[in-house]
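The sequence and the coordinates are shown first.

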Amino acid sequence: MGPFAEVRLNANRMVRSGDSSGRRSPRLSIRLDGALKGRQPRDVQLLDLSATGCLARAPAALDTGAIFDLEMQLLAAPWSAKVRVSSCALDGETTPEDASRYLVGLEFLGLPAQEAEVLRRFLAEQRRRSADPPAV
């Protein structure tokens, strides 16, 4: 494949042909506070975000396959999505004096069109900001 990867939209996910990472959509490194709502609500910090899911740091381990409602702020408004825990591992950057923290992979489930559009706009705006030259 040439230097330009073909990009095509497929429902709520972006598929990148020739992407060797195996990811369905590109990740955006980010720091956002959020909350997982369920039987045992937990505050989390999002570390990366994509059109299909996110990586979060949580204070406790979560069971793979568990379903939660993720709540956070996007574009200065409340945003929520149903998520499934796809992976959970002890954060290797946790120091002995830190409370144990876990890295949790979360997959968006059946993202409604309105939430998918807000997420798409947020991701596009963040990428555009990171591509802008710094102000002098």
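The sections below describe a predicted model, beginning with the sheet and ending with individual residues.

## The barrel

Six strands form a closed barrel in the order β3-β4-β5-β8-β7-β6, and their pairing is antiparallel. On average, neighbouring strands of this sheet are turned by 45° against each other, direction ignored.

Ser29 has Asp48 of β4 as its bridge partner. Helix α1 (residues 113-131) packs on the sheet and touches β3, β4, β6, β7 (77-90) and β8 (102-108). The direction of helix α1 makes about 150° with that of β3.

## Arg57 in strand β5

Arg57 lies in strand β5, which covers residues 53-58. Its relative accessible area is 16%, and because buried means under 20%, Arg57 counts as buried.

The side chain of Arg57 is joined to that of Asp91 by a polar contact of 2.6 Å. Not counting residues up to four places away in sequence, Arg57 touches Asp43, Val44, Gln45, Leu47, Asp91, Glu93, Arg101, Tyr102 and Leu103.

## Glu71 in strand β6

Glu71 belongs to strand β6 (residues 67-74). With a relative accessibility of 35%, Glu71 is partly exposed.

Although Glu71 and Leu36 are 35 residues apart in sequence, their C-alpha atoms are 6.5 Å apart in space. Leaving aside neighbours within four places in sequence, the contacts of Glu71 are Gly34, Ala35, Lys37, Trp79 and Ser80.

Methods: Residues are numbered from 1 along each chain as its sequence is written. This is a predicted model: local features need pLDDT of at least 70, side-chain atom pairs count only at pLDDT 80 or more; totals for chains, interfaces and linings use all residues. Side-chain values use heavy atoms; hydrogens and water are left out. Helices (H or I, at least four residues) and strands (E, at least two) are DSSP runs, numbered from the N terminus. Buried means under 20% relative accessible area, exposed over 50%, partly exposed in between (1.4 Å probe, protein chains only). A polar contact is a pair of N or O atoms within 3.5 Å; within protein, one must be able to donate a hydrogen and the other to accept it, and residues adjacent in sequence count only if both atoms are side-chain atoms. Contact means heavy atoms within 4.5 Å. Two strands pair if DSSP finds at least two bridges between them. Axes are lines fitted to C-alpha atoms, for helices over the stretch in contact, and angles run from 0 to 180 degrees between N-to-C directions.
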